[in-house]
Amino acid sequence: MDSVGIGEAPDAEKFNDLGADTFGHIAEKMNGLNMPNMGKLGLSNIREIQGIKKADKPLAYYTKMQEASNGKDTMTGHWEIMGLNISTPFQVFPNGFPDELISELEQKSGRKIIGNKPASGTEILDELGKEHMETGALIVYTSADSVLQIAAHEEIVPLDELYRICEIARKLTLDPKYMVGRIIARPFIGEPGNFTRTPNRHDYALKPFARTVMNELKDNDFDVIALGKISDIYDGEGVTEAIRTKSNMDGMDKFIQTFDKEFTGLSFINLVDFDALYGHRRDPIGYGKALEEYDARLPEVFEKMTDDDLLIITADHGNDPIHHGTDHTREYVPLLIYSKRFNGGAELPLRKTFADIGATIADNFNVKLPEFGTSFLKDIQG
């Protein structure tokens, strides 16, 4: 659940995030969340959330996790989940990218650059799309994540050229002084006042700095099915099958379909709408409705599960939609672990790193454990 934090982390002040509470503040704005299925698993047993009853007999093992790495972005959280510890944070660019980088990208691409600031991907098209169409200048912008995004109209800048320019940007930003996590091609179509981003987005991510649990699974002939932006986040490392998704609900459709596949290994999904559509845009009501829609799909997951399946629900950071700015927030994240084999769940000790998930998955499949993280497999086997 991308960005679904559950209260400020102990080091929140260091990240200017004192008081952040994604789940709690959304529940307050909604006058209570209607999430009975997460409630049955034990969500309010982790920390009581308005509208969600504590379960007398939770179905899942439950706790919360604290991020150990130095950061609060998508790649840091995900890489830590799969066993890494990121000590040097990816850079973010709240004032736009350095003039030196922009000049070099203009020179090597042969096109002028406009924008160069943090912005919503739709709003910047409304602001600069007409100028782009008239001049051919590339729209460059960033977000609270470590990303350099390049938007271009498909009829003005052909896709092949846009992708080539993004590859140039990727090479330029490998320089340690920039440390940009992802370059994203953002093609769009339409006319001024009616622009639409197309599905031809392409991400150019850094490769993880070390092997992850996904690499160990793949190299030992296990399946690693990456849904949504998972493959992009790991730059394809350790992925045996990548499946694109268009939205949270499309993601849930495709995730549920993986239960019908004959596979042994990991099915790993990121539901990005929570973060991209509601957290960054500071829309607590939209965020709350999205959480309730997600909860309503869980019975389909439970129905498909067999005794061989283990469901792990968590998040990668927070993004409190009533917090200041539009940035991610440094928070604990929930952890719910459910299997039909369980005769009820129980509370697990607080996890001091997201890498405990990767360690548990590695332990389960008897592959090399990551350097970071402690398996909780024995704790959920009764």
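1. Helices here are DSSP runs of H or I with at least four residues, numbered from the N terminus. In this predicted model, Asp2 lies in the segment before α1 (22-29).

2. Asp2 has a relative accessibility of 1%, and because buried means under 20%, Asp2 counts as buried. Beyond its neighbours within four places in sequence, Asp2 is in contact with residues including Lys229, Asn270, Phe274, Tyr287, Asp316 and His317.

3. The UniProt annotation "binding site", from an unreviewed entry, covers Asp2, Asp316 and His317. These residues are spread over 316 residues of sequence but cluster in space, with a largest C-alpha distance of 7.3 Å. Asp2 and Asp316 are among the residues that line the second largest pocket.

4. Asp316 sits in the loop between β11 (311-313) and β12 (333-338). Its relative accessible area is 1%, so Asp316 is buried too. The side chain of Asp316 reaches the backbone nitrogen of Ser3 at 2.9 Å. Leaving out residues up to four places away in sequence, Asp316 also touches, among others, Met1, Asp2, Asp73, Thr74, Gly77 and His78.

5. Thr74, Gly77 and His78 are among the buried residues of α4. Eight of the eight residues of this helix (residues 74-81) are buried, so α4 is largely enclosed by the rest of the structure. The cover over these buried residues includes β5 (182-191), β7 (202-205), α9 (230-233), β10 (265-269) and α13 (355-365).

6. On the ends of α4: at its start, a side-chain oxygen of Asp73 comes to within 3.2 Å of the backbone nitrogen of Met75. The helix is followed by Gly83, which has a positive phi, near 105°.

Terms used. Residues numbered from 1 in each chain as written. Predicted model: local features only at pLDDT ≥ 70, side-chain atom pairs only at ≥ 80, totals over all residues. Heavy atoms only, no water. Buried < 20%, exposed > 50% of the residue type's maximum accessible area, 1.4 Å probe, protein only. Helix = DSSP H or I, 4+ residues; strand = E, 2+ residues; numbered from the N terminus. Contact = heavy atoms within 4.5 Å. Polar contact = N/O pair within 3.5 Å; in protein donor to acceptor, adjacent residues only side chain to side chain. UniProt positions renumbered as here; feature names shortened; annotations may be inferred. 1 Å grid on protein atoms, 1.4 Å probe; cavity = no way out; pocket = protein on both sides within 12 Å on 5 of 7 lines; lining within 4 Å.
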